[in-house]
Protein chains: 2
Amino acid sequence: MNTAKKKRLRSAGWKVGTADAFLGLSEDEARVVEMKLVLSESLRRHRVKKRITQLELARKLGSSQSRIAKLEAGAFGVTLDLLFRALFATGVSADEIARQIRHTRRSAA
Amino acid sequence: MNTAKKKRLRSAGWKVGTADAFLGLSEDEARVVEMKLVLSESLRRHRVKKRITQLELARKLGSSQSRIAKLEAGAFGVTLDLLFRALFATGVSADEIARQIRHTRRSAA
DNA sequence: TGACGGTATGTCCGATTCAGCATAACTTCT
DNA sequence: AGAAGTTATGCTGAATCGGACATACCGTCA
């Protein structure tokens, strides 16, 4: 997974509003990263709207509150797998998820 | 991630056509699993259509041929992360991916 | 039949992710 | 200000995933 690149970015801070300009990320990697951002925002919106706390969601998933916090922060080291599980657990439909993905703008170079 | 359940299924063979009836999988887990199946099929279709070999795709991703084979087989131990990277690398658009996800039928119990 | 390109399987080991826990940093009350 | 509830950050041990290899299993073509 190209450890070097990840390491570089990880220590670089990582927390870019709109997710463009990722020197060093391949096209594909950048796309995935952007998807994660979009979906994590979506997760937060839906969770808040449903008035569920991170802790409750964590319990439901068999995960931990800190994980959820990181998920929603769009932090590194979170997998799409957990993100999707969280979305489903929050009650977000496949339809809604698809909609979000479609709205993903290509941050391409 | 409920290791116990995974272990159980892993050894159970795993290879179910339409992906329903997964005793032991939670709602959310089942949904994710089904998404993986749908997307892996999609990956294969697009790759074949583009006349790219697994080896070529692997190179492009910095992965290995065997990983791609497993991806397309919908095998365990493949993450959505790699799957999405592969889809993008194959040239599948976010739009198309969204379409696939929308077509995901709830295999719910 | 044999060679060959492509795909499937299985095993290793190193790297990454996870859950859990501790503890800050807010917020919002009273 | 203090308390309670929620979210953010760090760290650690244990489990999982990823790439590389080896090798088997096809089809196909000469």
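Biologist: Which residues have the most contacts inside the largest nonpolar core?

Modeller: A nonpolar core is a set of buried Ala, Val, Leu, Ile, Met, Phe, Trp, Tyr and Cys residues joined through C-beta atoms within 7 Å. In this predicted model, the largest such core has 41 residues, and those with the most contacts inside it are A:Ala86, A:Leu87, B:Ala86 and B:Leu87. Residues are numbered from 1 along each chain as its sequence is written, while chains are lettered from A and ligands numbered from 1 in the order in which they are written. Because this is a predicted model, local features need pLDDT of at least 70 and side-chain atom pairs count only at pLDDT 80 or more, whereas totals for chains, interfaces and linings use all residues.

Biologist: Is A:Leu87 buried or exposed, and which residues does A:Leu87 touch?

Modeller: A residue is buried if 20 or more other C-beta atoms, placed from the backbone, lie within 10 Å of its own, exposed if 12 or fewer, and partly exposed in between. A:Leu87 has 25 other C-beta atoms within 10 Å and is therefore buried. Two residues are in contact if their C-beta atoms, placed from the backbone, lie within 7 Å. Leaving aside residues up to four places away in sequence, A:Leu87 touches A:Leu39, A:Leu43, A:Val92 and A:Ile97, and on the same terms A:Ala86 touches A:Leu43, A:Leu57, A:Leu61, A:Ile68 and A:Leu71.

Biologist: How many helices and strands does chain A have?

Modeller: Helices (H or I, at least four residues) and strands (E, at least two) are DSSP runs, numbered from the N terminus. Chain A has six helices and zero strands, and A:Leu87 is found in α5, residues 80–90. The loop between α2 (27–49) and α3 (54–61) of chain A holds A:Arg51, which has a positive phi of about 55 degrees although it is not a glycine. A:Arg51 counts as exposed because it has 7 C-beta neighbours inside 10 Å.

Biologist: How many residues of chain B are in contact with chain A?

Modeller: On the chain B side there are 22 residues in contact with 22 residues of chain A. The elements of chain B that give two or more residues to this side are α2 (27–49), α5 (80–90) and α6 (94–102). By class, this side has 10 nonpolar, four polar and eight charged residues, where Ala, Val, Leu, Ile, Met, Phe, Trp, Tyr, Cys and Pro count as nonpolar, Asp, Glu, Lys and Arg as charged, and the others, Gly among them, as polar.

Biologist: At what angle do the axes of α6(A) and α6(B) cross?

Modeller: Two packed helices are described by the angle between their axes and the distance between the axes. Axes are lines fitted to C-alpha atoms, for helices over the stretch in contact, and angles run from 0 to 180 degrees between N-to-C directions. The axes of α6(A), residues 94–102, and α6(B) come within 8 Å and cross at roughly 180 degrees, which means that α6(A) is roughly antiparallel to α6(B). Angles under 35 degrees count as roughly parallel, over 145 as roughly antiparallel, 65 to 115 as roughly perpendicular and the rest as oblique.

Biologist: What is the mean pLDDT of chain A?

Modeller: pLDDT is the predictor's confidence in each residue, from 0 to 100. The mean for chain A is 80, and 73% of its residues reach 70 or more, but over residues 6–23 of chain A the pLDDT is below 50. Where pLDDT is low, the predicted coordinates should not be read in detail.
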